[in-house]
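Welcome to a short tour of this structure.

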Amino acid sequence: MVEILLDATVRAGTPILFATLGAIINERAGIINLGIEGLMLIGALAGFAGTFVSGSLLIGVLAAFAAAFIAGSIHALITVQLRGNQIVSGLALTMLGIGITALFGKTMVGRTIEGFERIAIPLLSELPVVGRAFFNQDLLIYFSFLLVFKVWFFFYRTRWGLAVRTLGENPAAADTCGVPVNLYKFLAVTVGSGFVGIGGAYLSLATTPMWIENMSAGRGWIAVALVIFAGWSSPRALFGAYLFGGITAMQLRFQAMGTTVSAHILQMLPYVFTIVVLVISTLRLQKGASQQPESLGLPYDREDRK
Amino acid sequence: MPDLLQIEHIRKTFPGVIALDDVSFSVAEGEIHTLLGENGAGKSTLMNVLTGLYHPDRGTIRVNCQPVAFASPRDSLACGIGMVHQHFMLVPAHSVFENILLALDRVPNLFSRKKYQAKIQQLLDEFDLQLDLATPVWKLSIGAQQWIELIKLLMRDCRLLILDEPTAVLTPQESARLFKVLLKLKQRGKSIIFISHKMREVMEISDRVTILKKGHSIASLSRGNYDDKRLAALMIGEDMIPQWEKRAQAGDQIILDIRQLAVRNDRGLADLEDFNLQLRKGEILGIAGVAGNGQKALAEVLTGLKSASHGQILAGGQDLTSSNARHSYIAGIAHIPEDRKSIGIAPDMSVDDNLIMKNFKNGTFNRWIFQDRKAIRRNAAEKIEQFAIKAGPDGTPVRYLSGGNIQKVIIARELSERPAVLVALYPTRGLDIGSAEYVHKVIADGATEGMSTILISEDLDELLKLSDRIAVMFRGKLIGCVDPQNTSREEIGLMMSGERQGGAA
């Protein structure tokens, strides 16, 4: 029972984990990206179409990354190069994603592909309780474990990561140290967006191997909230994404067991949880335990006179 | 010595402002070259041009006789030009190590922490600096943060170091230490551009002085060819300096009695701790201390912007710390805030509107539910004349005024209600000498009429000139009170670095 629930938790949490990691990369460089929901949809459709056309899951995942990378570069162009409003640009990106995927996805509706399959890791998958949930999964989930570590390693052990973190805190400091501010910001936004796209592709390649219009169903917004909950740290993002995945798994389980509580109420739970999480983490922020990058959301203009 | 840097006919304009008009000067190798000028003369703009942050509209920069064009700070760093900015370019949340590491050149993406820590430590030892590399920068004093900035440049092997008013945030002792390091660097052949408007320091350290005035370089003088009077005359020119006299002694009546006051900041640390102070009627009480030692918290708690976590503020025996009386009482306190543009005014609103912000609810400016624009205009015209504000055409947003005139707008507004107490936080910071003297005159005149003033400043000369008593703060605590008549700058400097004064008033 616990094993099954844990397994469902990981599977439900993974797309959100990818999206949260992508959003963290964006925000660490000081750019708020509210286009996560749209990027997930773009990734989901591109991933599905790529696999459907080529027959290769790898090409599907790469297509999802590339499509979201390109879509993200619109946001990067507006917010980094043109110093536009990040909130407005992000919202527009989400709406663009919803619309464009509905339009181009029409031909993909009802088609099927072979999705990702489970690959058991010898020995580890035999472990009691956690074995099945963490070591008998598909390749994308293993990749997500790796990515959590990679993102952390990048930010805290490499010079580029230090430079990107500095951009989010005080871009002028990075600038006077000779860091090419706009280039790094641009890359953080686009690469981050690419990982969000893979999160979307997980939905259409693993969770349910098909394309359904608007299939991300608000998960992108949950990722936006989880970034704050995670305090802009990737290991905490893993925890947050699984917490959310766990609630999703649990409510599905309740429904399957046939409780008398309305299914609508149960389906609401993950979203209610998101609101609760946001309230709690915002309160924590106000208490001064803030890890929020200090220049988050502010455009950087070198010649701006303060 | 050959010239390391030559600057010719630099011009830089911002929308509506000519920041630099025609500036030329040169810096030789191994020279300490001082740029002297009032605020607004263009010193910082010029340095931002030199470091590639601003692009000049006209003019040439030569390094080693080769013309250069800096597209970004990267380019100027590549030429060996580095700067300690007045507003430090540090990330408070990052550790000392991380801040320095980012400034280093040619660090591989996967770097060895140990190797670079050792390198930095070596330099720290060389200059006898105690800095813990793992500490986050926000925990450090401003003085220590400045050392980090300097270390960043030295690690990068810059040949020309620019220091923009480095001593503004230091105690006299810390300044002396900085000068020692600068002289040592000079002996090693480094060139230094030193920006200041403190005449005492300029006389002490410079090999050559260039004076900037309103965007022009008006003179370059070598050591021996100038004295402080000559420099001051060149710097100020024909600007009028208002005259004022310090009036009689303060009265005995205690206006404010602060007892064991404590204030916590956003990070939960104590900004003020066990703070006791009494303010008498008509007294100018100077508060000395290096910036960031709780002065801001003191001003904010007195003016109602922050609440105390412990202790009492008594006025005439009434406890005002948290009661409703506080609100009505605060109405009688005038506040000249530290950051005049972001707290002192509403930058995009007109001078007229800014002048009535404190008392717009009074009947005087209202007719039924509408504003009485005529009365507002009349009030503004009156204040503009009385305080000699250069306000531009009617309806000009305050942001377009110069710093000195913005300060006059704030003062005119704050003093219009004849307050009992004035809390002035760095009221002359960034002002030219004429405007600064004007502020001094207003404070001194106010005291004559019975207004009590808490004057928080980092300029010891200002405090010594104006105050009846000087209280010294260090790390949120009161170190002691001294009489400016018989206390030296050095004694106050020692107290500013935390040494307690035995048996002082």
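## A helix and what follows

This is a predicted model. In chain B, helix α13(B) is followed by A388(B), whose phi is positive, near 50°.

The helix itself covers residues 373-386 of chain B.

Which residues of α13(B) are buried? They are N379(B), A380(B), K383(B) and I384(B). These four cover an arc of only 130° around the axis, so they sit on the same side of α13(B). An α-helix has 3.6 residues a turn, so residues three or four places apart point the same way.

The buried residues of α13(B) pack against α12 (351-355) and α14 (403-415) of chain B. On the other side of α13(B), you will find K374(B), E385(B) and Q386(B) exposed.

## Domains of chain B

Stepping back, chain B is divided into domain 1 (3-236) and domain 2 (254-332 + 419-496). Their C-alpha centres lie 32 Å apart.

Where the domains of chain B meet, 13 residues of domain 1 are in contact with 13 residues of domain 2. On the domain 1 side, α5 (142-155) and α6 (172-187) of chain B are the elements that give two or more residues. By class, that side has six nonpolar, six polar and one charged residues.

## Where chain B touches chain A

Between the chains, 23 residues of chain B are in contact with 19 residues of chain A. On the chain B side, α2 (73-78) and α3 (96-103) each supply at least two residues, and α3(B) gives the most, with four. The residues of this side divide into 15 nonpolar, four polar and four charged.

How values were computed:
Residues are numbered from 1 along each chain as its sequence is written. Chains are lettered from A and ligands numbered from 1 in the order in which they are written. This is a predicted model: local features need pLDDT of at least 70, side-chain atom pairs count only at pLDDT 80 or more; totals for chains, interfaces and linings use all residues. Two residues are in contact if their C-beta atoms, placed from the backbone, lie within 7 Å. Ala, Val, Leu, Ile, Met, Phe, Trp, Tyr, Cys and Pro count as nonpolar, Asp, Glu, Lys and Arg as charged, and the others, Gly among them, as polar. Domain bounds come from an automatic or database domain assignment. The expected span of a helix is 1.5 Å times one less than its number of residues. A residue is buried if 20 or more other C-beta atoms lie within 10 Å of its own, exposed if 12 or fewer, and partly exposed in between; C-beta atoms are placed from the backbone. The arc is that of the directions from the helix axis to the C-beta atoms.
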